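Subject: Handover of the two-chain model

Dear colleague,

I am passing this structure on to you, together with notes on what was found in it. Please read the notes with the coordinates open beside them.

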Amino acid sequence: MADITLNVQAYCKVILHAAKYPHAGVCGVLLAEESKVKESKSLKFVDCVPLFHISLGLAPMLEAALLQIEGYCKTKGLVIGGYYQANPNYDDQTLNHSAKTVGRKLSDHIPEACVFMIDNRRIFPESVSEAYKVYLFKDNNFKESDKRETVEEETIQKASDLLRAEAYRKLIDFDNHLDDLSNDWRNVEINQLISQCV
Amino acid sequence: MATHITFDEARTILKKMRDEQVRDGDMVVKLWEGFLIHHSHKLADELWMVYEQVCIAALDCRRLDLAEECIEALQYKFPDSMRVKRLEGLFYEADGRYNEADKLYTEIIEKDNTNMIARKRQVAILKAQGKMAEAIQKLNEYLKKFMTDYESWMELCDLYLCEFDYSNAAFCMEEVIMSNPHNHLFHQKYAEIRYTMGGAENMELARSYFAQAVKLNPNNTRALNGVLLAATNLATAYSKGAKEKQINARYASWAEEQLTVKYKTQATDEQRKETKVLESLRKLLELSQNVGGS
């Protein structure tokens, strides 16, 4: 069974993306270290690229984004190992058609790839547990992973601090990038904020 | 807020947000409580629009206390207003009291059969409760009466997209385009839906509508990406013959050129170098060009 962990940079960006667009659905991808996937089939997620908050169920921009991100990953020894999605309705955590489609597509390249369905109710500064359910693709179906604790306590604390500081206002997703190409989806500034000591 | 701004600056920001229909409840509430509330008399007639704006923003932030204050102020000034009644309805909705909200909207419609907003809020209530099929049905009924309301066609399109019913979503966008033929964003969205539906015919439609979007607005990066992807698909997977392949290879090449120029002028050197974006675009283009003489 694949080991799944998210480092602070990956986790915080997911939470910030969901927080930035409370009235919309959001989605994005998680990048894992290629070497770890090959050696031990474990997914060590070290970064996240927030993708969209507009029209989540449509294909072309998703394909354009994945093409660019794959090119980026090759130069950094990373692979697209995960997809996260927050549905627009507050109480809706369903692993819907678009999440399944992307999940399947990713698992064509990386069999261990997983889907994170965000629980909107847990996106707030006082949250003490990870804000999603993890799904794995096995036997042509998606099953909820029984792995708990994909992140350390310090990571959740850091995410809370960033939410309080409204750091999500500075987060850039692929939709922002398409609106203005100078918006950098690598989120260098957010990365620096995250790595600053508490 | 860390920065201190003047009353006039806050007022201007709020006006800009109203004009551009920006949805940022947090910001509006902070501006109101931080910089405007104690000088509200200076707003003169603008005060009522600001109260409306702050009310809706407060509901977005679950500040029901603030929303209630705004509604009371507006009710005092405009006792019989339907526009204020609608805010009351929104208040009930935000508090999860959907039945009371629905009752209020029904009352509005009984008094005024042509009231569009109350009818649309009833659709919104169904959507908030996750009753998508009912919301779609209700909105369809509404559009039979008010078929020129293109914003509602847009909303219906989005409802169909939530249900992944792409062909009905495409139909809705067709209605929107008919009433707004010069809006590049609508052509682009229609193209995206057709692309998602797949198949040669849809891919050709997608390419045409992406191209039309670029023609209407050469800065539409999404549409340029769309032309490149659709043309590449048509030149490879859906190719009909050598001539078709050649035409699509040229479309793809043109789109890649436009995107390259954009990235060179707008993105920084470091961005391009690190993300390797131009190489990725080139790699995609090569797929459409390697069609040989077959």
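The contact between the two chains, where contact means heavy atoms within 4.5 Å, takes 35 residues from chain A and 35 residues from chain B. The model is a predicted one, so that local features need pLDDT of at least 70 and side-chain atom pairs count only at pLDDT 80 or more, whereas totals for chains, interfaces and linings use all residues. Residues are numbered from 1 along each chain as its sequence is written, chains are lettered from A and ligands numbered from 1 in the order in which they are written, and side-chain values use heavy atoms, with hydrogens and water left out.

About 2900 Å² is buried between chain A and chain B, and carbon and sulfur atoms give 55% of this area; buried area here is the accessible area (1.4 Å probe) that two parts lose on being put together, summed over both. On the side of chain A, the residues that lose the most area to chain B are A:Leu58, A:Met61 and A:Leu181, which together account for 21% of what that side buries.

Turning to the polar side of the interface, the rule finds 15 residue pairs in polar contact between chain A and chain B, both residues being at pLDDT 80 or more. A polar contact is a pair of N or O atoms within 3.5 Å; within protein, one must be able to donate a hydrogen and the other to accept it, and residues adjacent in sequence count only if both atoms are side-chain atoms. The elements of chain A that give two or more residues to the side touching chain B are helix H3 (60-76), helix H4 (97-109) and helix H6 (174-179), where helices (H or I, at least four residues) and strands (E, at least two) are DSSP runs numbered from the N terminus. H3(A) supplies the largest share of that side, with 11 residues. By class, the side of chain A that touches chain B has 12 nonpolar, 13 polar and 10 charged residues, with Ala, Val, Leu, Ile, Met, Phe, Trp, Tyr, Cys and Pro counted as nonpolar, Asp, Glu, Lys and Arg as charged, and the others, Gly among them, as polar.

The structure holds 41 salt bridges over all chains, and across the interface of chain A and chain B the rule finds 8; a salt bridge is a side-chain nitrogen of Lys or Arg within 4 Å of a carboxyl oxygen of Asp or Glu. In one of them, B:Arg222 pairs with A:Asp175, the closest N and O atoms being 2.8 Å apart, and this pair crosses between chains, from helix H13 (residues 221-235) of chain B to helix H6 of chain A. Both B:Arg222 and A:Asp175 are buried, the cut-offs being under 20% relative accessible area for buried, over 50% for exposed and partly exposed in between (1.4 Å probe, protein chains only).

A:Arg186 and B:Glu270 also meet in a salt bridge, at 3.7 Å from N to O. Because A:Arg186 lies in the loop between H6 and H7 of chain A and B:Glu270 in helix H15 (residues 269-275) of chain B, the pair joins two chains. A:Arg186 is buried, at a relative accessible area of 8%, whereas B:Glu270 is partly exposed, at 47%. A further salt bridge connects the side chains of A:Lys76 and B:Glu274 (2.6 Å, N to O), and a network of salt bridges links A:Lys76, A:Asp184, A:Arg186, B:Glu270 and B:Glu274.

As for aromatic residues, a search of the whole structure finds 15 aromatic pairs over all chains. Rings of Phe, Tyr and Trp (its six-membered ring) pair if their centres lie within 6.5 Å, and planes under 30 degrees apart count as stacked, over 60 as edge-to-face and the rest as tilted. The rings of A:Tyr72 and A:Trp185 have their centres 5.3 Å apart and their planes at 90 degrees, so the pair is edge-to-face. Since A:Tyr72 lies in helix H3 of chain A and A:Trp185 in the loop between H6 and helix H7 (188-195), the pair ties together parts that are 113 residues apart in sequence, and both A:Tyr72 and A:Trp185 are buried. In chain B, the rings of B:Tyr142 and B:Phe146 have centres 4.8 Å apart and planes at 25 degrees, so this pair is stacked.

With best regards
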